Amino acid sequence: PGETVSVAVKPDFDQTADQVTEFVKHFNQLQSFTRMQTQKSETSGEVGLLSGDSAVRQASRSVQSVLQGVNLHDVGISSDPKSGQLKLDETKLKFALNNDHESVVGLFASKEGKVGLAEKMSLAIKSLKDRTNGAVGLRLKGLDERIRRQDREIEKKERSLEAQKMRLKEQLASINSRMQAMESQNQFLSSRLTVNSAEQKVLTQS
């Protein structure tokens with residue numbers, strides 16, 4: 001009490017740099033996954049499972065288009081035109097943060113009515129996932145419906161196989177019953193023939 005204490009509030013440059021690094025990392029992971037799933041492997045020669053899928057191509061273009069018109073060079077981020085990957089110059093990023101931290105933050109975060117890059121990317125991804133109009137959402141919706149149809153078809157075939165199995169069991173049981181009846185008849189006939197043969201011998205000897 002009675003003593004003035006000065007408190008300095010400063011931005012955390014390291015934390016901001018880490019968040020920008022994470023943004024670049026996740027963006028590159030998405031690009032790598034898309035390329036791996038849609039292109040031919042240089043090592044194995046196998047074609048990606050999603051090769052030719054228009055939804056994947058549209059998703060990749062939509063995400064890349066968010067970066068258009070955004071000056072990322074000043075914060076140390078450049079794009080490889082061949083792979084679509086982002087490259088981060090950490091030294092340049094730290095210089096930009098130390099020189100004008102608010103401008104770097106404003107580039108990514110929405111502020112004073114201006115939509116930042118992070119929110120633009122979030123909106124683009126949300127639009128892609130929309131099940132009514134989004135490319136990825138509609139593709140997933142179609143795949144879900146195909147899976148449901150296949151499940152119904154499998155259930156139908158399983159019921160048919162079960163019914164056929166029951167019919168076969170009934171037929172086998174009927175055959176087995178007839179075979180047992182035939183065996184009993186054979187035993188009866190064999191027994192009667194043996195008795196008749198014995199009686200005939202007795203009459204002959206008499």
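Me: Where is Gln-85 found?

Reply: In this predicted model, Gln-85 sits in the loop between β1 (77–79) and β2 (86–88).

Me: Is Gln-85 called buried or exposed, and what makes it so?

Reply: Its relative accessibility is 16%. Buried means under 20%. Gln-85 therefore counts as buried.

Me: Which residue is 54 residues from Gln-85 along the chain, with its C-alpha atom 6.6 Å away?

Reply: That residue is Gln-31. The 6.6 Å separation runs between the C-alpha atoms of Gln-85 and Gln-31.

Me: Now the rings. How many aromatic pairs are there?

Reply: The count is one aromatic pair. Its members are Phe-23 and Phe-108.

Me: Why is the pair of Phe-23 and Phe-108 called edge-to-face?

Reply: Two values describe a pair of aromatic rings: the distance of the centres and the angle of the planes. Here the centres are 5.5 Å apart. Rings pair if their centres lie within 6.5 Å, so Phe-23 and Phe-108 qualify. The planes make an angle of 75 degrees. Over 60 counts as edge-to-face, so that is the name for this pair.

Me: What does the pair of Phe-23 and Phe-108 tie together?

Reply: Phe-23 belongs to helix α1 and Phe-108 to helix α3 (residues 90–108). The pair therefore ties together parts that are 85 residues apart in sequence. Both Phe-23 and Phe-108 are buried.

Me: On to charges. How many salt bridges are counted?

Reply: The count is four salt bridges.

Me: How do you know that Asp-53 and Arg-139 form a salt bridge?

Reply: Their side chains come to 2.8 Å, N to O. The cut-off is within 4 Å, so the contact qualifies. Asp-53 lies in the loop between α1 and α2 (54–65), and Arg-139 lies in helix α5 (residues 135–205). The pair therefore ties together parts that are 86 residues apart in sequence.

Me: What makes Asp-144 and Arg-131 a salt bridge?

Reply: The distance is 2.9 Å, N to O. That falls within 4 Å, so the name applies. The pair links distant parts of the chain, 13 residues apart. Asp-144 is in helix α5, and Arg-131 is in the loop between α4 (117–129) and α5. Asp-144, at 28%, is partly exposed. Arg-131, at 39%, is partly exposed too.

Me: How do you know that Arg-152 and Glu-145 form a salt bridge?

Reply: The closest N and O atoms are 3.5 Å apart. The limit is within 4 Å, so Arg-152 and Glu-145 meet the rule. Salt bridges that share partners join Glu-145, Arg-148 and Arg-152 into one network. Arg-152, at 45%, counts as partly exposed. Glu-145 is partly exposed as well, at 29%.

Me: Next, the surface. Which residues form the negative patch?

Reply: Asp-12, Asp-14, Asp-18, Glu-22, Asp-89 and Glu-90 form it. Helix α1 (residues 13–38) gives the most, with three residues.

Me: Why is Asp-14 called exposed?

Reply: Asp-14, which lies in helix α1, has 53% relative accessibility. Exposed means over 50%, so Asp-14 counts as exposed.

Me: Which residues make the nonpolar surface patch?

Reply: Val-5, Val-7 and Val-9 make it, with an area of about 360 Å².

Me: Where does Val-9 lie, and what makes it exposed?

Reply: Val-9 lies in the segment before α1. Its relative accessibility is 76%. The cut-off for exposed is over 50%, so Val-9 counts as exposed.

Methods:
Residues are numbered from 1 along each chain as its sequence is written. This is a predicted model: local features need pLDDT of at least 70, side-chain atom pairs count only at pLDDT 80 or more; totals for chains, interfaces and linings use all residues. Side-chain values use heavy atoms; hydrogens and water are left out. Patches are made of residues with over 30% relative accessible area and no salt bridge: like charges are joined within 9 Å, nonpolar side chains (Val, Leu, Ile, Met, Phe, Trp, Tyr) within 5 Å. Accessible areas come from the Shrake-Rupley method with a 1.4 Å probe; for residues, only the protein chains shown count as cover. Lys and Arg count as positive and Asp and Glu as negative; His and the chain ends are not counted. The place of a charge is taken as NZ of Lys, CZ of Arg, CG of Asp or CD of Glu. Helices (H or I, at least four residues) and strands (E, at least two) are DSSP runs, numbered from the N terminus. Buried means under 20% relative accessible area, exposed over 50%, partly exposed in between (1.4 Å probe, protein chains only). Rings of Phe, Tyr and Trp (its six-membered ring) pair if their centres lie within 6.5 Å; planes under 30 degrees apart count as stacked, over 60 as edge-to-face and the rest as tilted.
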